[in-house]
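Could you walk me through this protein in plain words? I would like to follow it from a few single residues out to the whole.

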Amino acid sequence: MHIAIVEDETKWQLIVKKEIHKYYGKNVQITVFSSGEEFLREDQEFQIIFMDIEMPGKDGFSVSKEYMKRFPDTLIIIMTTHTELSRLGYRVNAFRYIDKLHKEEIEEALTSAECVLRRFKRIPLKFIGAKEQEVCCKDILYIEALNHNVLVVCRKGTFECRESIGELEKVLNEYGFYLIHRAYLVNLDSIKDIMKRDVILYNGDKLPVSRRKHQELQKKYIQWKFENANA
């Protein structure tokens, strides 16, 4: 995890940095920038950015807008002591707004960001007839076992892959995928409704659910939705 703090005041830099380390421990890299111009010159992709609104030179909104054109998948958390300005955040599609006077909001923002980043996790897949490619988890609807290979059904097409469904279950389990049947591994985000013997996906596909998996699927689905409700 690589996080940026864009803040001109040392006091707030240290406060935010301390809260991030409290949340992640040592499993995080933090880079601090004292101005928006310095941050943009770095031209580096971060998973999460804590962005101050009021800075000398370019303000946080204009910096965020320019940065998001380069790295649209980054989550930007706006920081300010003037919460009335947060309504302008729609201009940059900010992920969260934090009142600097309430540092406890940092932990909530990081927890929610973790949920979103799980969906955006990219995994390498060996498609038949093509080079290994990285696919974003949120773009995968479900995976179907097919003889010795699997079909990876994505939002923008279906691809045949060399990995087994068991191997992919181990990789994707923590990113919101559940094996509803020995032949089907489903992205919980893609489920519209759970019926008695099958699930209905948002794209209209209907997949069978193993009888012994039905109760556990409902629990997993509710838990996943709850964890991601505010993300």
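Phe-46 has a relative accessibility of 1%, and because buried means under 20%, Phe-46 counts as buried. Keep in mind that this is a predicted model. Another residue to look at here is Phe-33, which is also buried, with a relative accessible area of 3%.

How are the rings of Phe-33 and Phe-46 arranged? Their centres lie 6.0 Å apart and their planes meet at 80°, so this pair is edge-to-face. The pair links distant parts of the chain: Phe-33 belongs to strand S2, while Phe-46 sits in the loop between H2 and strand S3 (48-52), 13 residues apart. Both rings also belong to an aromatic cluster, which is made up of Phe-33, Phe-39, Phe-46, Tyr-67 and Phe-71.

Let us turn to the other aromatic pairs. A search of the whole structure finds eight of them. One has the rings of Tyr-23 and Tyr-24, with centres 4.8 Å apart and planes at 75°, so this pair is edge-to-face too. Now look at how well each of the two is covered. Tyr-24 is buried, at a relative accessible area of 12%, whereas Tyr-23 is partly exposed, at 29%.

Next, find Ser-35. Is Ser-35 buried or exposed? Its relative accessibility is 18%, so Ser-35 counts as buried, since the cut-off is under 20%. Which residues does Ser-35 touch, leaving aside those up to four places away in sequence? They are Val-6 and Met-55. Ser-35 and Asp-8 are 27 residues apart in sequence, yet their C-alpha atoms are 5.8 Å apart in space. The side chain of Ser-35 also reaches the backbone nitrogen of Glu-38, at 3.1 Å.

Now step back to the whole protein. Its secondary structure comes to six helices and 15 strands, and its C-alpha atoms fill a box of roughly 60 × 40 × 35 Å along the principal axes. Of the 231 residues, 46% are buried. Among contacts with a separation of 6 or more, 51% are between residues 24 or more positions apart.

Conventions
Residues numbered from 1 in each chain as written. Predicted model: local features only at pLDDT ≥ 70, side-chain atom pairs only at ≥ 80, totals over all residues. Heavy atoms only, no water. Buried < 20%, exposed > 50% of the residue type's maximum accessible area, 1.4 Å probe, protein only. Contact = heavy atoms within 4.5 Å. Polar contact = N/O pair within 3.5 Å; in protein donor to acceptor, adjacent residues only side chain to side chain. Helix = DSSP H or I, 4+ residues; strand = E, 2+ residues; numbered from the N terminus. Phe/Tyr/Trp six-rings, centres within 6.5 Å; stacked < 30°, edge-to-face > 60°.
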